[in-house]
Amino acid sequence: MRYLRVASVGDMEGKQVLGAEVDGSKIMIVKTSQGLRALDAICTHEYADLTRGIISGDTVICPLHFSRFNLITGEVETPPADAPLRVYPVKVEGNEIYVGV
């Protein structure tokens, strides 16, 4: 697995979620109760940008059809989505955020 730099810690200042692109995939970096997490940023039900969704605790609610995804596991908590989001490993080194691909 290789890790790619996606942002700096300062980029997250004052934000709950930050969109990025890794190897052609749109992902989101999100602050959760378990630290920073990286997941696919496109809803698995229909093409909707989850960085524009509502973050509530450790979940994100899709802005299009209101599917709810767990930000720790990527699992669907509320349909209509039925496929989970891909979760990527995250590491922070110094002031840089890296995502494993």
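The questions and answers below go through strands, cores and charged pairs in this predicted model.

Residues are numbered from 1 along each chain as its sequence is written, and side-chain values use heavy atoms, with hydrogens and water left out. Because the model is predicted, local features need pLDDT of at least 70 and side-chain atom pairs count only at pLDDT 80 or more, while totals for chains, interfaces and linings use all residues.

User: In S8, which residue is the bridge partner of Phe69?

Analyst: Strand S7 covers residues 68–70 and pairs with S8 in the antiparallel sense over two bridges. For Phe69, the bridge partner in S8 is Val76.

User: In S11, what is the bridge partner of Leu4?

Analyst: Strand S1 (residues 3–8) runs antiparallel to strand S11 (residues 96–100), and five bridges join them. The S11 partner of Leu4 is Val99.

User: How many residues are in the second, separate core?

Analyst: A nonpolar core is a set of buried Ala, Val, Leu, Ile, Met, Phe, Trp, Tyr and Cys residues joined through side-chain atoms within 4.5 Å. The largest has 14 residues, and among those touching the most other members are Met28, Cys43 and Phe69. The second core includes Leu18, Ala20, Val22 and Ile27, and its residue count is 12.

User: Is Ser67 buried or exposed?

Analyst: Buried means under 20% relative accessible area, exposed over 50%, partly exposed in between (1.4 Å probe, protein chains only). Ser67 lies in the loop between strand S6 (59–61) and S7. Leaving aside neighbours within four places in sequence, its contacts (heavy atoms within 4.5 Å) include His45, Val60 and Thr78. Because its relative accessible area is 0%, Ser67 is buried.

User: Which side chain makes a polar contact with the side chain of Asp23?

Analyst: Asp23 sits in the loop between strand S2 (17–22) and strand S3 (25–32). It is exposed, at 52% relative accessible area. A polar contact is a pair of N or O atoms within 3.5 Å; within protein, one must be able to donate a hydrogen and the other to accept it, and residues adjacent in sequence count only if both atoms are side-chain atoms. At 2.6 Å, the partner side chain is that of Arg2.

User: With which residue does Arg5 form a salt bridge?

Analyst: A salt bridge is a side-chain nitrogen of Lys or Arg within 4 Å of a carboxyl oxygen of Asp or Glu. The whole structure holds five. For Arg5, the closest N and O atoms are 2.3 Å apart, and the partner is Glu96.

User: Which residues are linked in a network of salt bridges?

Analyst: Lys26 pairs with Asp49, the closest N and O atoms being 2.9 Å apart. Asp49 also meets Arg52 (3.9 Å, N to O). Asp49 is buried at 16%, whereas Arg52 is exposed at 69%. The network links Lys26, Asp49 and Arg52.

Note on methods: Pairing = 2+ DSSP bridges. Helix = DSSP H or I, 4+ residues; strand = E, 2+ residues; numbered from the N terminus.
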